[in-house]
Amino acid sequence: MLKRPIRLAIVGVRWPPETFIARKIAGLAAYGVDVTVFTSGVPSDGIGPEISVITLPSLRHKKAALKACLSLLVSKPRFTQRALQAVSLRESDSWNKLNSFLRLLAFANRQFDIIHFEWNSAAIEFEPLFDLLDSIFVISCRGAQVQVAPHNPDRRKLADGLRRTFIRANAVHCVSEAILQEAAKYGLDRRKAHVIRPAVDVDFFQPRHARSSSGPIQLVTTGSLIWRKGHEYALQAINLLKDRHIDVRFTIIGDGPERQRVLYTIQDLGLEKEVQLVGSVPPAHVRDLLQQADIFLLSSLSEGISNAVLEAMACGLPVVTTDCGGMREAVTDGIEGFTVPVRDPETMAAALAKLARDPELRSRMGRAARDRILKQFTLAQQTAAFIELYQSLMKVPKHN
Amino acid sequence: MAVITARQTGANIEALSRVGRIALIVPAFPKLSETFIVSKFLGLLDKGWDVRIVCSTSDEAEWRRFPQLLSRTDVRQRVVVAPPVKPRWLVPVRMALLLLRSLIQRPAATTRYMAQGWKRFGVRVLKHFYLDANLILAQPDVVHFEFGALAVNRMYLRDLLGCKIVVSFRGYDLNFSGLDQAGYYDDVWAYADHIHCLGYDLWQRALRRGCPPEKPHTLIAPAIDIDRFSPAEREIAQNIGTPDRPLRLLSVGRLEWKKGYEYGLQAVKLLRESGLEVEYRIIGSGHYLDAIAFCRHQLGLEDCVHFLGPQPQSVVLDNMRWADIFMHAAVTEGFCNAVIEAQAMKLPVVTSDADGLSENVIDGCTGFVVPRRNPHALAEKVRILAESPELRAKMGEAGRNHVIEHFAIERQIEAFSNLYKQVL
């Protein structure tokens, strides 16, 4: 347990939080960190008794917003005034102005050692906090917001936001070495960057004891139905396997805006028999599906580092993954599975075929995958790394 | 004769004796990406049909992009927009006013609608009335849903309005809409009086989705006004693909995954790796820019691929004169007007075989048709064209002739006119 308590604010998560963030929060709280989560959602149930959750005031809940404003005008006039100034400089639209002002007010009555923005977008959205609060600021770089979005010519402002917040943050957490390098293009100083890779609950995600060797080869993937996951390329690879008379079944776990696209591609390629869309399912069901599978397939075009792959590896599955973002930091080509180039169904199919034809190779790589997770990606390791990061930041004097 | 009358009398549309009343149902009107609706609307008016557009939204800024609409005084009042559903508290007031107006102007039709509707929907008939009031006032002989998905759950109109129903299928409606809902189009197949498909491929898809083969149907391809496409200044460059004169590729279309831009970009990368210098321009806007821009970055093509955003027709035509080859890598496509336009501009086309595209482009004659999702095949055909100015010239000529012969607007309007006569 901690000698000196850490008062930590987690800012900018949805409710309920993404599983990997919830896992991190629970891990820290169990270790004695005093965690407060700020979310724009309205929590119906908590994630743990020792974690306080605060809904950010917004114009959608007018009464609560008004109450917050009035009480703060009286108790913290200086903070309120500075917050008002900050937002009026940033936003042009008065609705946005009011909303971001209201969000800032949630921080007025509280003291934190560390403010951790779980997404780059949150750091940009709450940028005035850097001036308003006397805390240590940490930003997490997790993937698309650094790797993808800034390349869109219509989103140049985002690149500027990344630059500004990287300068102001005391430390920047990157989920992989690859994303650190990408973030460096937007001015991230390597000396404040810390790679802490995601973690898996290895007691929850466990290998199944015996795999049956009869019937078709079961492939599985987990990922939202969005373009970044490259499902269209995976389906082409499945189609190539079918052409080579390899009997496979492919289960896609996840839902999203491109469901139609996936459905169309399945129909267009005539894979109705081979491919099954199970939608979004609870973690226990995900685990069951992973345990029933023979190979995990990741067809992504961009990843910070895929939590889905880590979970599959913990379940002892060999992995075929595209070589994007930090995937090589979890999967070594030829050890825990195979890495293949992005947008290349032929190579992907070849790697899958190799595994499909060789049960011995599958179980060897599956064991290696589980071992790798136990060695590098456990929750205990992740929690310790964050605590160490927070403590080291609290030791050094702030603001250079 | 009807043409002259329509233009001269302008405002007084009731006074004209017209062949029949037609209501075209579209989501929004006018729309740059759906210029074909505008052309069809004007063409049918000139043929003497009493046409109305019934839409959910009509954007003032879009109107300004259509000089052919603004120059005519008789069209504005023919476009009727659905009453707003927000703010909700105003809806009852609006509904009462509409009901009053409808009862005064169309007493018989309104009574019929209410009586029939009550049997079918009970009190919910009021909700339907609110959205259908424009149709009751228009009293059409034919209601034409311009996109298949719009017709779902609307077949009751046949009884309530006593009209005929025509449904168009243009691509996405058959390819995606309701794919995971069994029987999505069953009521359309059962009750629509006539089905229109853009091409044979789409008709086949309709059959696969449960349309009975004996259903009355007509295949009418999209069309363009050939006079608005003058390729005169297009010249065929001799040595292209060099740093001095890169190969100029062009694509025009909304930025959506359906258009398969990523496969086109992969083809560009392959061409570059084989030593050909390329400049690739993409005209269009859409929410898929994130993905396409990322793909451009990932393939290292930032220096040679340019996103021009949405552009008016004149700029599109300028770019069609600029380009050597038109590339269209769609994964699924109804028919694609941009490809027709490119052929009209004497641009050789390299296209995927998605849906209607293989009916649009004659493989080996006006361009090349390659398997969809296949960057290698795209690159190979582009290369063949890049290396031969003669072939580009020949295919360009053939393309324009093909369009004049098969996709002229006059023929299309004639075909629709015949379709409506047949239905009536």
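Okay, let me start with a question: which strands of chain B does helix α20 lie across? Going through them, we have β1, β4 at 142-145, β5, β6 and β7 of chain B. The helix itself is residues 409-423 of chain B, and it runs at about 165 degrees to β6(B). Before I go on, keep in mind that what's on the screen is a predicted model.

So, that sheet in chain B. It's an open sheet of seven strands, and the order is β3-β2-β1-β4-β5-β6-β7, with parallel pairing. At the edges you've got β3, residues 79-81, and β7, residues 217-219, of chain B, and each of those pairs on one side only. If you ignore direction, neighbouring strands in this sheet are turned by 20 degrees against each other on average.

Zoom in on one pair for a second. Strand β1 of chain B, residues 21-28, runs parallel to strand β2 of chain B, residues 50-57, and seven bridges join them.

Now, domains, still in chain B. Domain 1 is 2-225 plus 409-423, and domain 2 is 226-406. The C-alpha centres of domain 1 and domain 2 of chain B are 34 Å apart. Where they touch, domain 1 of chain B puts in 15 residues and domain 2 of chain B puts in 19. And here α12 of chain B, residues 200-208, turns up again: on the domain 1 side of that contact it gives the most, with three residues. Sort that domain 1 side by class and you get seven nonpolar, four polar and four charged residues.

Over to chain A. This one has 16 helices and 13 strands, and its C-alpha trace spans about 75 × 45 × 40 Å along the principal axes. How does the radius of gyration of chain A fit with a compact globule? It agrees, because a compact globule with 400 residues would be near 21 Å, and chain A has 23 Å. As for burial, 46% of the 400 residues of chain A count as buried. And if you take contacts in chain A between residues at least 6 apart in sequence, 67% of them join residues at least 24 apart.

Chain A is also divided into two domains: domain 1 is 7-56 + 106-199 + 379-395, and domain 2 is 217-376. Their C-alpha centres lie 29 Å apart. That contact takes 14 residues from domain 1 of chain A and 12 from domain 2 of chain A. On the domain 1 side, the elements giving two or more residues are α1 (19-30), α7 (144-147) and α9 (177-184) of chain A, and the largest share, three residues, comes from α9(A). By class, that domain 1 side divides into seven nonpolar, four polar and three charged.

Last stop is where the two chains meet. Chain A contributes 18 residues to the contact and chain B contributes 16. On the chain A side, helix α11, residues 259-269, gives the most, with five residues. Okay, that's my tour, over to you.

Technical notes:
Residues numbered from 1 in each chain as written. Chains lettered and ligands numbered in written order. Predicted model: local features only at pLDDT ≥ 70, side-chain atom pairs only at ≥ 80, totals over all residues. Domains from an automatic or database assignment. Contact = placed C-beta atoms within 7 Å. Helix = DSSP H or I, 4+ residues; strand = E, 2+ residues; numbered from the N terminus. Nonpolar A, V, L, I, M, F, W, Y, C, P; charged D, E, K, R; others polar. Rg over C-alpha atoms; globule rule 2.2 N^0.38 Å. Buried ≥ 20, exposed ≤ 12 C-beta atoms within 10 Å, placed from the backbone. Pairing = 2+ DSSP bridges. Axes fitted to C-alpha atoms, helices over the stretch in contact; angles between N-to-C directions.
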